[in-house]
Structures are given as structure tokens and as C-alpha cells.
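Thanks for coming. I will take you through one structure, starting with helix packing and then moving to salt bridges.

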Amino acid sequence: MAKVLVLFAHPGQRHSRVNILMAKIAGSIEGVTFVDLYADYPKLDIDIDVEQARLLKHDVIIFQFPIYWYSTPSILKEWQDLVLEYGFAYGHTGDKLAGKLFLPVITAGGPDHAYTEQGSNHFRLRALLSPLEQTANLCRMRFVAPYALFAAHDARGDGRAEPHLEGYRRLLEALRDETFDIDAAAGMELLSAETLPLRESMPHE
């Protein structure tokens with residue numbers, strides 16, 4: 001079994017309609033370590049030693065957040081600036097994260113058609129997340145296509161929330177149980193509840 005770490009960053013949780021429910025799911029799954037960064041560090045005084053130790057203990061690193069101004073909430077940028085140190089995460093001797101999986105889990109307020117070259121946001125969501133993808137590359141981690149929900153504010157009313165929440169549970173369990181098909185995911189731009197590349201679990205010998 002793989003050890004999964006979910007770093008949750010949502011500065012406006014009382015306004016959340018889906019992301020907070022996803023957080024509750026992540027926190028309930030055995031074998032998944034769930035961390036609410038804003039709860040742990042309300043003044044952004046991130047403990048580098050604690051966070052690096054968490055990374056070393058896990059095989060899969062997940063950033064779960066609502067997209068804010070085409071990027072992560074501020075605490076995740078602060079976390080990256082402080083925790084992913086030269087000599088630890090990157091650089092000539094910085095190989096501590098090499099081989100680990102990195103996966104963004106995103107909710108977006110706008111609909112999917114807004115995140116196209118012709119849409120109101122002018123960029124695909126995957127393109128907007130390219131700094132995270134390159135961060136994973138620099139740290140020699142394996143970047144996994146983001147698990148994304150568009151128009152999150154409307155998802156509970158139009159019936160998309162429940163399948164998305166169940167998909168997130170299946171995703172986390174598959175990452176933990178190593179039944180997530182990483183090679184198949186490599187050819188995908190985004191993941192959704194309907195497109196999760198899962199393999200059958202192998203019987204224990």
C-alpha cells in the first residue's frame with residue numbers, strides 16, 4: 001500500500017460547497033494523511049521540518065484547493081517557497097522527493113468552456129497549473145493529471161457533486177491501494193469521476 005498525503009488549502013471554507021465535502025472524505029479514509037494547512041498555520045508560520053518529514057513519509061502528495069486568481073491559495077505558495085528547499089527537493093543533492101507522485105485536486109468556479117483558448121479565461125486549466133507541473137518535474141516527482149471539478153458552485157444543484165465526491169473517494173483509495181493506472185493517466189489532460197484510470201486490485205498471494 002502507498003502512503004497518501006493530502007495538503008488541503010482553502011482560505012474561505014465557510015463558503016465552500018464541494019471542496020469542504022471533499023476534505024471530509026479525504027480525512028475519513030484509512031491510510032490517507034489529511035492536513036488542513038490553514039488550520040495548522042493560521043499565521044502562515046509554516047514549520048519546515050514538520051512538513052519535510054511529512055513528505056518523506058509519503059509516496060503520493062496531493063494539493064487540494066480551489067483555484068484562486070488562476071493559481072493556488074497563498075498558503076500553498078508559501079509552503080512551496082519554504083518547504084521545497086534546495087538540497088532537499090531539488091538541486092544536485094536534492095533528491096528526497098524523487099519518484100513520488102504529485103497530484104493537484106482542483107475546484108474551479110467557472111465552467112469548463114471558460115477554461116479554453118477561446119473562453120473567458122483564455123487558457124486551459126492544465127496550462128494555468130503548469131508552474132505546479134514544472135515544480136514536480138524539478139523535484140523529480142511524477143506529475144499526475146489534475147482531478148478537477150468545474151462550475152463547483154453549481155455542482156450540488158445540478159447533480160454533479162455526488163459523482164465527483166464518490167470519484168474522489170475512489171481516486172484516493174486507488175492511489176493508496178496502488179490500483180491507479182499511472183501510465184494511462186499520463187495521456188490525459190485532466191481527470192474526472194468518469195475518466196479515472198483504475199486497475200483491478202490484485203489478490204494477495
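One definition to begin with: angles under 35 degrees count as roughly parallel, over 145 as roughly antiparallel, 65 to 115 as roughly perpendicular, and the rest as oblique. This is a predicted model, where local features need pLDDT of at least 70 and side-chain atom pairs count only at pLDDT 80 or more, while totals for chains, interfaces and linings use all residues. Residues are numbered from 1 along each chain as its sequence is written, and side-chain values use heavy atoms, with hydrogens and water left out.

Helix H3, residues 48-57, packs against H4 at an angle of about 90°, the axes being 10 Å apart. H3 and H4 are therefore roughly perpendicular to each other. On the H3 side the contact (heavy atoms within 4.5 Å) involves Ile-48, Glu-51, Gln-52 and Leu-55, and on the H4 side Trp-79, Leu-82 and Val-83. Helices here are DSSP runs of H or I, at least four residues, and strands are runs of E, at least two, numbered from the N terminus. Axes are lines fitted to C-alpha atoms, for helices over the stretch in contact, and angles run from 0 to 180 degrees between N-to-C directions.

Now salt bridges, meaning a side-chain nitrogen of Lys or Arg within 4 Å of a carboxyl oxygen of Asp or Glu. The whole structure has 10 of them. Glu-51 also belongs to a salt-bridge network with Asp-40 and Arg-54. Arg-126 pairs with Glu-133 at 2.9 Å, N to O.

Which of that pair is buried? Arg-126 is, at 16% relative accessibility, whereas Glu-133 is partly exposed at 21%. Buried means under 20% relative accessible area, exposed over 50%, and partly exposed in between, with a 1.4 Å probe and protein chains only.
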